[in-house]
Amino acid sequence: MRLNKIILSFISALAILLSTSVVSLAKVVGDKIVLGAAISLTGKYSSNGVHTQNGYNMAVDRINSMGGVKVGGKTYKFDIIYYDDESNPKRAAQLAERLISQDGVEFMLGPYSSGLTKAIAPVTEKYGVPMVEANGASRSLFTKGYKYLFAVLAPANLYLDVAIDLAVEKNNGKGVTVAMAFEQDAFSQDVRLGVLDAIKRTGSKKVIDDKLPKELNDMAATLVKVKQMKPDVLVVSGHTKGALTAIRQISEMKVDVPMLAMTHCDAAKLSKQHGKNSQYALCASQWHKTLTYKDDFFKDGMTYDADFTKEFGYAPPYQAAESSAALLVFKDAFERANSFDQKKVRDALAATNMQTFYGNIKFAEGGQNVDKPMVLFQVMCDDAGKCENKVVAPTKWASAKLIHPIPSWSER
Amino acid sequence: MISIQACLDGVLLGILFALIAYGMALQWGVMNIINIAQGDLVILGGYIAYFMYLYGIHPAWGVIVAPVVMYFVGIAIYKLVINKVVDRDLFISILATFGISILFMQLMNFAFGADVVLANSDYGTTMLFNNNVVLPNSKIFSAFISILFAVCLVIYMKKSKLGRAIRATAQNARAAKILGVDTEKVYAATFGINAALCGVAGALISITFTIHPYMGLPYTIRSFMIVIVAGLGNLPGVAMSGMGLGVFEEFADYILGTEFRIGSVFLLLVLILVYRRFKLSRKREYLK
């Protein structure tokens, strides 16, 4: 009984100690602007969560070392409080509450994935905390009328409609037949809506419209249909497992389609895991290092790529690049607002119009970035089997010419 | 042609499911434990093959290495957890294995990362009927290996001393104990054999499909369902219901659409359970 009491008092003492030490970490302390972020460091999103965190950290270090943020004639440095949301939306919402109401954070950075951003956005909205997010692309995030949510990336419905336009262009402006296979999650279904819009707009026709399960690792049945219907374009979106499964089974079942367009190719390390089998796949990407956007902090995509690789030992996927861009947006907004008042910062964010190494950033009413088109790259391999992603659309940034139609398997 | 394709795809897939289900039926029958972590053991086996592939060894060797490693993993799990719940009621063991499942998922995620991975076998493709039916050789290979392991196991269970001890324990643990069978050892071996079978299946899955730390549950559910349909200790039943489930899934996918694939499996499970219940109740009335 006495032991229990001792343990109990020990725990309560600890709790009091923790809560006081936590409260002292307010939003702007001394010369520090403290941002909060719930990031998936464990759980199923942990690899992309780590990319996100590395992107944030890289930008914080860079901005701090290059003079920090100037507000009201004083220089401030960025600092971020991270919590691990375990890839769990409920946990993410709890942590957002905790960051705001316990840690006193007044400005937030987004988590990884549309699902988790959806969980956090109502919380930041409730407290009027401006959040710049870099990894939630789902269209539904931008139709809810959120006032404090800003996304530096293009919304999900723009991911693959470029591919349909490209196919129509190659077909001399006539409509094409499209086979679609999309995972049943918020993000992929938004990509699907975008493709449907493009189909309607171009007078094309959908011939297959399959919804893939979340525990997707076999799409043989869909591919049998594709073989039978012979569509002009096959569009697949199901995160990394969708991309990997599609390439594996398309190559094994020798499915010939003139154009194959997907998402998440670089996250899936497609060319590394599948080598030449992934050749000719078209992939939607938010960013590519060869794009010629510029800023003062990271210079351009190639420099960012080199610096990031030096610091973290791997080439930055677009998830890292867009996360770094989020910090640049915050810095710009603080300086224009010249204040830490949440409302003023929010208004400054809404008026953002800038170029970063990642792309132009200008927010629409709903908070999505409308000034940065998606790019499509195509996996191209040399005879030695070394594969590279080359931008083929939009034409303005193309570093290689689109190979169309894809050579049939018997000719490869 | 499409039906032939779907049928063959389903049969090849089903044979693989049947192997996992066989392991589950074995330990369910012997120890009265429903192993929720079955699918996670499968995925762990897959990672063993994947890592061999990463280090330049052909992943097909995984079907030999993975079961050996997994056997010992199985024994370890038994010694640490299962032996404490083996004679408790079913609910406790479900909870315990559910815990193991979560632990394994997180550990695998921690150790191997959350990326979806696969091992390339480069086995090529077999074309049948004027190229109208395509079968990836990796699927044929996995079906063949699954059958091989299942047959070996059946023979082992019939002929070897341990096999007979396992069967005796399954029939009546108390009687077996009285007659000098070390049931503790039998339980450990059974769990180890089950884990080894999962290891083989996992290695095959990494060659034919993809693996991911959180992908285990669908395999647990499928094997659970196969065992429910076939009944315990009914090996041909397990094989048949495995293949049946595979074919059913492919056809449901093809006819109803991929989104109803898993749903139709559950629907089938419900129908079968209701039917069994119905049949059982009629039998009872008849006996009265």
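Let's start where the two chains meet: 30 residues of chain A are in contact with 30 residues of chain B, contact here meaning C-beta atoms, placed from the backbone, within 7 Å. On chain A, the elements that give two or more residues to that side are helix 2 (46–65), strand 9 (205–212), helix 7 (220–229) and helix 8 (239–252). Helix 8 of chain A supplies the largest share, six residues. By class, the side of chain A that touches chain B holds ten nonpolar, eleven polar and nine charged residues.

A quick word on the ground rules. This is a predicted model, where local features need pLDDT of at least 70, side-chain atom pairs count only at pLDDT 80 or more, and totals for chains, interfaces and linings use all residues. Residues are numbered from 1 along each chain as its sequence is written, while chains are lettered from A and ligands numbered from 1 in the order in which they are written. Helices (H or I, at least four residues) and strands (E, at least two) are DSSP runs, numbered from the N terminus.

Now look inside chain A. It is divided into domain 1 (22–154 + 291–362) and domain 2 (158–285 + 374–411), with bounds from an automatic or database domain assignment. The centres of the two domains of chain A, taken over C-alpha atoms, are separated by 31 Å. Where they meet, 13 residues of domain 1 of chain A are in contact with eleven residues of domain 2 of chain A. Helix 4 (114–127) and helix 11 (318–337) of chain A each supply at least two residues of the domain 1 side, and helix 4 of chain A gives the largest share, three residues. That side divides into five nonpolar, six polar and two charged residues.

Stay in chain A and find helix 12 (residues 342–350), where A:V345, A:R346, A:A348 and A:L349 are buried. Buried means that 20 or more other C-beta atoms, placed from the backbone, lie within 10 Å of the residue's own; 12 or fewer makes it exposed, and anything in between partly exposed. These four cover an arc of only 160° around the axis, which puts them on the same side of helix 12 of chain A; the arc is that of the directions from the helix axis to the C-beta atoms. The buried residues of helix 12 of chain A pack against strand 5 (107–109), strand 6 (131–133), strand 7 (149–151) and helix 11 of chain A.

With 10 C-beta neighbours inside 10 Å, A:K272 counts as exposed.

Over to chain B, which has eleven helices and two strands. Its radius of gyration, taken over C-alpha atoms, is 19 Å, close to the 19 Å that the globule rule gives for 288 residues, so chain B is as compact as a globular protein of that length. That rule is 2.2 Å times the number of residues to the power 0.38. Buried residues make up 50% of the 288 residues in chain B.

Leaving aside neighbours within four places in sequence, B:V200 is in contact with residues including B:L19, B:G45 and B:F149.

Methods: Nonpolar A, V, L, I, M, F, W, Y, C, P; charged D, E, K, R; others polar.
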